[in-house]
2 protein chains.
Amino acid sequence: MFSVRMRAAQGRRHEEGGRHISGAERIIPYDKVKQTTAGMLERAFTHSRGQADFISITIEAVQPSTIQQVPLLSVYPSSFLTAEEGHKAAEHALVAAGVTSVSAKQGILSLLSLADSMRGAMLLCAVTGQRFDHTESRGIRVSRMDIENENALIDRLIKLGIHNLHVQEALVLASKVAAAPGVVAELCWSDDPEYTTGYVASASGYIRIPHCKPLGNPVGGRIFFVDPAADITLLEHYLQFQPVLVKL
Amino acid sequence: MFSVRMRAAQGRRHEEGGRHISGAERIIPYDKVKQTTAGMLERAFTHSRGQADFISITIEAVQPSTIQQVPLLSVYPSSFLTAEEGHKAAEHALVAAGVTSVSAKQGILSLLSLADSMRGAMLLCAVTGQRFDHTESRGIRVSRMDIENENALIDRLIKLGIHNLHVQEALVLASKVAAAPGVVAELCWSDDPEYTTGYVASASGYIRIPHCKPLGNPVGGRIFFVDPAADITLLEHYLQFQPVLVKL
């Protein structure tokens with residue numbers, strides 16, 4: 001199996017302060033590597049956040065025995081008309097998952113106050129809302145995950161009436177994150193200006209929140225709310241390096 | 001224009017001690033990026049040095065105004081039956097280019113004593129043979145160069161009866177290197193076990209030496225012989241980062 005990862009930036013490379021345009025993650029057999037790489041390149045060059053002028057594609061063999069399997073989260077719909085209602089719904093869902101109200105509010109505020117999207121996620125204390133990671137505007141990038149049976153996932157999302165690439169990828173990422181050691185819940189909304197939907201995810205499920213920001217807004221991000229007793233080094237290693245296949 | 005670069009390694013990534021399998025460099029217009037990337041991927045997976053299990057492809061926009069143009073070197077044939085004769089011919093050519101006999105012998109010995117191929121080149125003093133760079137077994141990788149008119153180069157090499165991808169790429173690289181500030185001459189033979197040819201290049205031309213190692217030997221490398229008065233930092237920057245288009 002091969003882990004294939006893409007990241008694209010504008011202006012200069014990410015490490016030199018370039019603006020993050022898009023990213024993608026797959027774990028696939030050898031015979032899909034070429035097609036997947038071509039698709040990622042196409043995507044980097046045609047993203048609605050802008051024209052990429054730095055693209056990095058990494059292809060790395062993964063020993064199947066090192067791949068951890070985690071269950072796909074169940075998807076729950078929710079329906080709110082405005083971003084304000086969406087933020088309230090997100091706060092309630094986070095509190096229901098075990099995040100304090102203070103920390104949930106802090107997380108929403110952190111996403112709302114971003115000047116531009118981060119490539120990765122912030123880790124916040126699920127009790128106090130204090131930031132745990134030291135990656136500043138870079139964030140912790142969740143990497144090396146995929147769905148075991150992509151067609152079955154697509155079928156399921158089509159039946160739920162919510163299939164698009166955003167949901168598909170977010171659900172795989174959220175399933176890896178919900179199984180992480182020490183993560184209580186995740187809050188995310190997209191940085192795609194044409195896509196306003198966000199979600200709250202935890203081990204008990206994935207709650208879609210259709211309106212988290214105004215249409216046309218290119219700023220989004222991810223917050224992982226973390227148990228204060230968690231081993232942050234272990235958690236960051238799992239999120240970035242543990243190969244994970246999500247099972248339906 | 002886009003700089004497209006590929007490097008492939010076996011075992012693990014280069015930075016973590018993986019064995020270098022292959023690399024490639026192009027500077028091309030946008031409409032050739034996809035095809036070029038696909039070709040590099042194919043090449044990384046089918047190299048005669050072995051199966052790659054780490055491949056990195058980087059695609060980066062290059063402002064045309066920053067691209068330096070350098071002339072293509074003239075090609076001179078030479079014909080020797082054995083690797084020993086080839087090494088003697090290389091020594092003579094290096095001395096003719098301005099390298100001392102001591103330094104030329106040291107360069108040949110350095111390539112012969114490599115345990116495995118390096119990804120980049122060693123910089124040796126053209127007078128004493130002392131090593132100038134501090135990159136140990138990594139070497140200085142020459143990057144960001146291409147030929148302005150590939151078809152014309154291929155035609156010329158076909159007319160000379162020496163066209164293959166090795167010669168084509170080596171001649172472009174050697175033309176960039178020969179124009180570098182402080183480089184007196186270059187010595188190289190391939191790490192491809194199926195390709196025994198090497199060359200000595202300098203501003204006055206590119207001398208092909210058909211036999212530099214036994215067939216089946218997977219160890220090769222590059223030495224740049226450098227004027228002791230050269231600014232090594234400036235030279236390393238030019239070799240690695242200055243975009244160069246070679247003109248016929």
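Biologist: Which residues does Gln168(A) touch, not counting residues up to four places away in sequence?

Modeller: Gln168(A) touches Glu150(A), Leu153(A), Ile154(A), Leu157(A) and His163(A); a contact means heavy atoms within 4.5 Å. A word on the ground rules: this is a predicted model, where local features need pLDDT of at least 70, side-chain atom pairs count only at pLDDT 80 or more, and totals for chains, interfaces and linings use all residues. Residues are numbered from 1 along each chain as its sequence is written, chains are lettered from A and ligands numbered from 1 in the order in which they are written, and side-chain values use heavy atoms, with hydrogens and water left out.

Biologist: Why is Gln168(A) called buried?

Modeller: Its relative accessible area is 7%, and buried means under 20%, exposed over 50%, partly exposed in between (1.4 Å probe, protein chains only). So Gln168(A) counts as buried.

Biologist: What joins the side chains of Gln168(A) and Glu150(A)?

Modeller: A polar contact of 2.9 Å. The term asks for a pair of N or O atoms within 3.5 Å; within protein, one must be able to donate a hydrogen and the other to accept it, and residues adjacent in sequence count only if both atoms are side-chain atoms.

Biologist: And the rings: how many aromatic pairs are there over all chains?

Modeller: The count comes to eight. Rings of Phe, Tyr and Trp (its six-membered ring) pair if their centres lie within 6.5 Å; planes under 30 degrees apart are stacked, over 60 edge-to-face and the rest tilted. One of the pairs is Tyr30(A) with Phe45(B), edge-to-face at 4.8 Å centre to centre and 90° between the planes.

Biologist: Why does that pair join two chains?

Modeller: Tyr30(A) lies in a loop of chain A and Phe45(B) in helix α1 of chain B, so the pair joins two chains. Tyr30(A) is partly exposed at 42% relative accessibility, while Phe45(B) is buried at 7%.

Biologist: What makes the pair of Phe2(B) and Tyr30(B) tilted?

Modeller: Their ring centres are 6.0 Å apart and their planes meet at 50°, so the pair is tilted. Phe2(B) is in strand β1 and Tyr30(B) in the loop between β2 and α1 of chain B, so the pair ties together parts 28 residues apart in sequence.

Biologist: Where does the charged end of Lys176(A) sit?

Modeller: Over the ring of Tyr238(A), 5.2 Å from its centre. The rule wants NZ of Lys or CZ of Arg within 6 Å of the ring centre and within 35 degrees of the ring normal.

Technical notes
Helices (H or I, at least four residues) and strands (E, at least two) are DSSP runs, numbered from the N terminus.
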